[in-house]
Amino acid sequence: MKKYYLEDGSKILVDDTKPIGSGGEGSVFKLAKNPNILVKVYTERALIRMPEIEHKIKAMVQKKPGLLDYNGLTIIAWPSYVIYDENKKFIGYLMRRVQAKNQLSHVITPGLQKTKFPDITWYDRLVISINLAKVMSFIHKNDTVIGDINTSDFFVYPGFEIGVVDTDSFQVTSETKLYHCKVFTPDYTPPEVFEAKKKSSVELKRIPNHDNYGLAILIFQILMMGVHPFSARIKGIMGFDGNAINYNMEHEIFPYTTMNSNIIPPKNSMPFGFFPKQIQDLFARAFDKHNNVINRPTADEWATGLRVVKDNIKKCKKNKAHYYPNHFQKCPICAREQTKDYDYLLDYFKTISRKYVKYDTDDKEIIVDENHVYDETLAGKSYTLKNSKRLAVFFNPKMLDKYQLGTRIEALKNEKVYQKMPQYFAVPQELIMQHDKVIGYVSKRIPNLFRLQTFLKNNRLGKLKITDKVKIIVARNIASMFSSLEKYNIPIEFNQIFIDKDLNPFIPDFVFLGSEDDTTKAMVFQREDYLPQEYFYDQTYKKYLKKLEEAKEKEREIEKKRLEELRKKDLELIRSPLEKKVEKKVEKEEKVIDLKSSTTVEGFEFEKSHQAIVKEVVPKEVVVEIPMEYTFEHKAKQTIRYYLAVIIHMILHDTHPFKGTQKLAERPIPYFVEHNYFLHKESVPGVEIDEKAKLLELFPNYYQRSMKKALIVAKPEKINRTSPSEWQSVLSRLSFESKKCLDSEYHYYHQSMTKCPVCGTNDTKDHTKMRQYILENKKGAVHVLLFTNKILNHLILSSLIILMIYVLNTVSINQLEALLTQINFTEKLEIIKNFIRLDDIISFFKNAYDSIVNLYRLIFGGAA
């Protein structure tokens, strides 16, 4: 037994024969007379390492939460009293004992679960998850953050109540100070906490949202029979070190919702479709990549959502221990007991899942078939309605509040301008409501779509590989769409466009558009890449006006000072003679120092040249250039035409028209737009287009003129870009004049080329080589001259060969010898031999041969 003392001097006896538990910070012992009360005693080393721990424990004792026990069970092992040794030195604290024997890890880990909880059902797992969320919610409401979420700090009672231990590591706020949580468990810590710890050694203030991340992981593991949400099978990804959990957590990739086909859930995992849609949305909000605004589900949201699943759960008819969500017609647990193959269960669950959910709208109730996602875009997912040809579009949960999508769709619902173009827009017919909040809308059914960005990146339409001619058709159809958009001043960005299997464009994310009167602004995602020259003219003029205003402000300040001086002089004149004058300190004038020589030296003079080396530079008068007055409008007709040209260029040339380098250094796109550089032509030294770009010279002259007219501003005061109807005509002609390559079924080239340039060069990134190939193989004046030159060379060479054969056959040997003698061939040959030192060359090779032979004999012996 060992004696310790409370703060008031009361003595307590602790059974120190055998600790209940021990760790790096200290050991836990039970009270001698009451085993349900425990004492945590810190080690001397821990007290030195944690100088604030005494003040933190005292603050926690003063701030006791209300939920310490529940029906006689200890729920939170919170510090109740501070304890001291006989020297009145702080050594630890006293707390109630959590009587549960099993940690949460005994439920999560399959091997331990079979031993500790052999009869646990999925219904029980729901109950544990709800109770865990309830306890965490209570802790957060007490202005406390757990910080270090892990499975060893939570205990599960036989009735599935939850107990919490190691509370002294919590982040606690007292009346005067914040006591940080200084520890964390990597598998349950959000990425923003990791980032903060990498950047600074200063402890980060934890918030409940950090705990919400760890809570979501624990709930996922409980309901998924121990599988970590970031565990996955990863193939063909650069930088992957073999630890899927670490990689996915660092890059915020949730394997169950990611579009990356190289990252898929592990083999032993349940398909994500096992969860009802509302639970899937909660997990998506918790784990999907977040930018700036973080809105993870709270503990209360988890408790509410899981309780709905529990209240509507189904029981298996074959096995009474099986419980499953009510959107299944057959028991999925039975299927999983037969096989744990994820790929098989993924397909099987689709056949047994039949979920129809009722939703309220602003008109009438609808029934949504949530068995399969019909389509998915950036804004959300769409499902079919039961017994209807319409679609229910549900907004992405993490974007709903961040971008106020509900408010936006309400404002856009009655916009008549979009109703005039049903072939491009799916206008909302009804708004889907949940708890008086707009969460989506009902629209007409649209075909399955492919995102244009993905379509070009993968070079495929579904499983079909696309050709250059298909790209021309897509560009032509987009130009046709822009003809309609231009009439109603609707600007569209590249990443908003999708295409169907017939290569027709469509804009599915209606909620990102703007209203006709601009009260609801269009959402912009790639604004910098789509700003035309007009925007920079506008900015230049605004900067000029700002400078003028600054100059006027400076003049006003000078005038103000002058008037102030005059006022002071007037006050001096009317000052009373009796008033004492304030004597001003008279500063001595600066002495002028003259260092000129007082005497002249006779006979000394510098020599003069005919012309001075450096002429005297007369400074030119600086003329301030007044920029042209310009007002940029993002809905203007010329701006929309610029968007179209950029989109066509990205489709046919594989990159942005103003993406390039200057002196081998990459510059941002706005830099080249502002300077009005046409990167396809080498007009500015050192400026080149991106190496991925398909050269403009591969296309006919009429296409080149149209592209240059659309992208480059010749006269800022009169901008006239290529119109959508002109583009339609150009692209239709280009499609008609395209030839199919004989060697590759995917290569098409214009008929002005004599050969396929891709097959001819085998390196489209080498622009110099490609330009030379185009020069030689493109029909035109240069090609005719080169071809004529080649024919003439062949004719001359053939004539010389024929002449030589003729001479050899008609002239006798004697006559040839006489001819050689006449021209002194022997003497000239000797001169040439002496000039090139033929004897020395022959001697060198003979000596080299002898040396090699001798070396061979020394090594191997015998004759070489």
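Predicted model: local features only at pLDDT ≥ 70, side-chain atom pairs only at ≥ 80, totals over all residues.
Me: Let's start inside. How many cavities of 30 Å³ or more does the structure hold?
Reply: A cavity is a space where a probe fits but cannot get out. This structure holds seven of 30 Å³ or more.

Me: What volume does the largest cavity have?
Reply: About 160 Å³.

Me: Which residues lie nearest the centre of the largest cavity?
Reply: Look for Ser382, Val393, Tyr441, Ile446 and Pro508. They belong to a lining of 18 residues. Now find the strands around the largest cavity. Strand 22 (375-376), strand 23 (380-385), strand 24 (390-395) and strand 26 (437-444) each give two or more residues to its lining.

Me: How do the lining residues of the largest cavity divide by type?
Reply: There are 10 nonpolar, four polar and four charged residues.

Me: What lines the second largest cavity?
Reply: Its volume is about 60 Å³. The lining is made of Tyr418, Asn489, Ile490, Pro491, Leu513, Gly514, Asp518, Ala522, His634 and Lys635. Five of these residues are nonpolar, three are polar and two are charged.

Me: On to pockets. How much space lies in the second largest pocket?
Reply: A pocket, unlike a cavity, is an open set of points. The second largest pocket here holds about 780 Å³ of space. Its lining counts 32 residues, with Gly21, Val28, Phe155, Val165 and Asp166 nearest the centre.

Me: Which strands supply at least two residues of that pocket's lining?
Reply: Strand 3 (21-22), strand 4 (26-31), strand 5 (37-42) and strand 9 (90-96). By type, the lining of the second largest pocket has 11 nonpolar, 12 polar and nine charged residues.

Me: How many bridges join strand 32 and strand 34?
Reply: Three bridges join strand 32 (residues 660-662) to strand 34.

Me: Last, the surface. Which residues form the nonpolar patch?
Reply: Phe787, Ile791, Leu792, Leu795, Ile796, Leu800, Leu803, Tyr806 and Val807. Together they have about 870 Å² of accessible area.

Technical notes: Residues numbered from 1 in each chain as written. Heavy atoms only, no water. Patch = residues over 30% accessible without salt bridge, like charges linked within 9 Å, V, L, I, M, F, W, Y side chains within 5 Å. Areas by Shrake-Rupley, 256 points an atom, 1.4 Å probe, with all protein chains shown as cover. Salt bridge = Lys/Arg side-chain N within 4 Å of Asp/Glu carboxyl O. 1 Å grid on protein atoms, 1.4 Å probe; cavity = no way out; pocket = protein on both sides within 12 Å on 5 of 7 lines; lining within 4 Å. Points joined across faces, edges and corners; volume = space filled by probe spheres on them. Helix = DSSP H or I, 4+ residues; strand = E, 2+ residues; numbered from the N terminus. Nonpolar A, V, L, I, M, F, W, Y, C, P; charged D, E, K, R; others polar. Pairing = 2+ DSSP bridges.
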